[in-house]
Amino acid sequence: VRVDLALFFGALHAWVQEHWDELDPEPPLEAATLDAQGAPQLSRMIDTARQSGNLRLYACSASMRFLELPAAEVQAKVDVIAGWQTYAKLTLEADRVVTF
């Protein structure tokens, strides 16, 4: 099963600027606790899923512009830069949709 993950605003900024793992986990759990238990970082799990072809990362084009993220920098970190119309179409065609 392929999963499409759309990143907007703060999530997009954290992913592109490589601050993703600083936000996961949130307090009271700390990254050091996960590291001590040998738990993988979220960014590694995402990269593994992308490499397997089971996960596609999308960047919201409006979020990218509002955050003033350079298109080339964003494109290097995601699979697709798309607008709201694309997300609406994907949502309509999906078997399941999860939002956070």
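Buried residues, meaning those under 20% relative accessible area with a 1.4 Å probe and protein chains only as cover, make up 24% of the 100 residues in this chain. The model is predicted, so local features need pLDDT of at least 70 and side-chain atom pairs count only at pLDDT 80 or more, while totals for chains, interfaces and linings use all residues. Residues are numbered from 1 along each chain as its sequence is written, and side-chain values use heavy atoms, with hydrogens and water left out.

Let's start with the overall layout. The chain has 7 helices and 3 strands, which are DSSP runs numbered from the N terminus (helices: H or I, at least four residues; strands: E, at least two). Along the sequence they follow the pattern β-α-α-α-α-β-α-α-β-α.

Now to the inside. A nonpolar core is a set of buried Ala, Val, Leu, Ile, Met, Phe, Trp, Tyr and Cys residues joined through side-chain atoms within 4.5 Å. The largest one here has 14 residues, and Leu12, Trp15 and Val74 touch the most other members. Helix α1 (9-16) and strand β2 (55-60) each supply at least two residues of this core, with α1 giving the most, 4 residues.

Ser43 lies in helix α4 (residues 42-52). Is Ser43 buried or exposed? Ser43 is buried, because its relative accessible area is 13%.

Key:
Buried < 20%, exposed > 50% of the residue type's maximum accessible area, 1.4 Å probe, protein only.
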